Amino acid sequence: MYYERTLEPVIRKISETFPVLIVTGPRQVGKTTLLTRMADRERRIVSLDNPTIRAFARTNPELFFQRYEPPILIDEVQYAPELFDYIKIRADRDKRCGDFWLTGSQTFHMMKRVTESLAGRAGIVRMLGLSNAEIHGHHFPPFQMDVSALMKRMDEAKPMTVAEVYRQIFKGTMPRLYENEAVDQFQYYESYLETYISRDIRDLSQVADESAFLNFMSVVAARTATNVNYETLAGEVGVSAPTAKHWLSVLVSSGIVALIQPYSNNALKRVIRAPRMYFLDTGLCAHLTRWSSAETLERGAMDGAFFETWVVSEIYKSYLNAGKTPPLYFYRDSNRKEIDLIINQDAVVTPVEIKKSGAPKGAVKNFSILKPIEREPDESAVFSGAAHLKTRIGEGAVICMSEDLLPIDSKNWYVPAWLL
């Protein structure tokens, strides 16, 4: 069974306007499957996972393009960086949009070559695993606190119980697990980690100890939905803080982890500056932290952290699936007052709290912390030349297991998590 992807129109648009389309993302999220389904009969499809073709591409890139004329889809292009200069030459010579479709998993290597060789010629799309909406056959726009739009979404979205949500959290987002129910989840993630470590991480000379890196991944997974502390991460793994910082950047670059930055505004004081980290596939996170079932996870000590991770990753994906950079932040100050998520877009700041319960009490109490920002321009507005736009605090959301979209007060709403 194939799950249609929300990214498809974005990919078509980029292919119509750029000579080169690059789809990046973690392994096995469906990049090649999607592009193969979208390709017409004229497009040649070549995978550099094939060692013979990979050697040919690396040793003789000019002959490679004589053998495989565009339009072409090159899968795992990072294995032959020698091709990029020749792609640039052909893109400049022929000036045909959509000639080159490229996929790659090792974004930390590939993006360096793209910025050097293909700047202005390539449209880049980031792709993650299946979203909750895609799993249920929907294609919703990026999440915003628009009550009228959410009301319409209520008519389409499939209501989910807490047990159903945690079964999805435990299973994760990898298409393979949904397309074939017979796949053993434990073996799948074991194989995934082996492939990721042996084929992606081993290529990085800075990661000499693969077992320590795998241990590091488990430590980060156990701390999902918490603020980054490099000293603590380093201490638990037995490496230096700079090494922990580099290793976390590898996980971020390869699409395993997202860092959400703290919201900054001149009017807010004593704001904590450390980012917050979230695993982008809750199934992989559950595997690394050794939860044996969705039921034990839902009753366990990390139930809240996993629920928050799932909600944040779904909102994060909703922006990537529209070809947009997620405008997501969080708030925490030295008095430990927090707002789980802040959506900062078009001079409107939307505060979001994330709670597992059905109708959490007092969930919006910290939203008032943001009031001073309505009296001063946002820092981002100043730097973008839009200082005349006054920041406004929009309607707030408490994303929870409510059965309905319900008002809390005149400014804030309970939003069912299954609407994401």
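Is Ala225 buried or exposed, and what is its relative accessibility? Ala225 counts as buried, at 13% relative accessibility. Buried here means under 20% relative accessible area, exposed means over 50%, and partly exposed lies in between (1.4 Å probe, protein chains only).

1. **What you are looking at.** This is a predicted model, in which local features need pLDDT of at least 70 and side-chain atom pairs count only at pLDDT 80 or more, while totals for chains, interfaces and linings use all residues. Residues are numbered from 1 along each chain as its sequence is written, and side-chain values use heavy atoms, with hydrogens and water left out.

2. **Overall build.** The chain's secondary structure comes to 18 helices and 15 strands. Helices (H or I, at least four residues) and strands (E, at least two) are DSSP runs, numbered from the N terminus. The C-alpha trace spans about 65 × 50 × 45 Å along its principal axes. Its radius of gyration is 22 Å, which agrees with the value near 22 Å for a compact globule of 420 residues. That radius is taken over C-alpha atoms, and the globule rule is 2.2 Å times the number of residues to the power 0.38.

3. Of the 420 residues, 55% are buried. The chain exposes about 18400 Å², and carbon and sulfur atoms supply 50% of that area. Accessible areas come from the Shrake-Rupley method with a 1.4 Å probe; for residues, only the protein chains shown count as cover. As for contacts (heavy atoms within 4.5 Å), take those between residues at least 6 apart in sequence: 69% of them join residues at least 24 apart.

4. **Charges.** There are 51 positive and 51 negative side chains, and the centres of the two sets lie 3 Å apart. Lys and Arg count as positive and Asp and Glu as negative, while His and the chain ends are not counted. Each charge is placed at NZ of Lys, CZ of Arg, CG of Asp or CD of Glu.

5. **Cysteines.** How many disulfides does a search of the whole structure find? It finds zero, with a disulfide taken as a pair of cysteine sulfur atoms within 2.5 Å.

6. **Backbone details.** Most residues other than glycine have a negative phi, and most peptide bonds are trans. With that in mind, look at Pro70 and Pro71, which are joined by a cis peptide bond with omega about 10°. Pro71 sits in the loop between α4 (61-67) and β3 (72-75). Lys95 is not a glycine, yet has a positive phi of about 55°; its place is the loop between α5 (83-94) and β4 (100-104), and it is exposed, with a relative accessible area of 65%. Ala225, from the opening question, also has a positive phi, of about 70°, and is found in the loop between α12 (210-222) and β6 (226-227).

7. **Helix α9 and its cover.** Helix α9 (residues 162-171) has Val165, Tyr166, Gln168, Ile169, Phe170 and Lys171 as its buried residues. Their cover includes α7 (132-135), α10 (175-179), α11 (185-200), α15 (282-288), α16 (294-299) and α17 (303-320). Just after α9, Gly172 takes a positive phi of about 90°. In helix α17 you will find Asp303, which touches Tyr166, Leu297, Glu298 and Lys356, not counting residues up to four places away in sequence.

8. **Ser105.** This residue lies in the loop between β4 and α6 (107-117) and is buried, with a relative accessible area of 2%. Leaving aside neighbours within four places in sequence, Ser105 is in contact with residues including Gly25, Pro26, Arg27, Lys31, Asp200 and Ser254. The C-alpha atoms of Ser105 and Glu69 are separated by 23 Å, with the two residues 36 apart along the chain.

9. **Glu353.** Strand β11 (residues 348-354) holds Glu353. Which side does it fall on, buried or exposed? Glu353 is buried, with a relative accessible area of 5%. Setting aside neighbours within four places in sequence, its contacts include Glu338, Ile339, Asp340, Phe367 and Val398.

10. **Ser240.** To finish, Ser240 lies in the loop between α13 (230-237) and α14 (241-253) and counts as partly exposed, at 36% relative accessibility. Its C-alpha atom and that of Tyr230, 10 residues apart along the chain, are separated by 8.7 Å.
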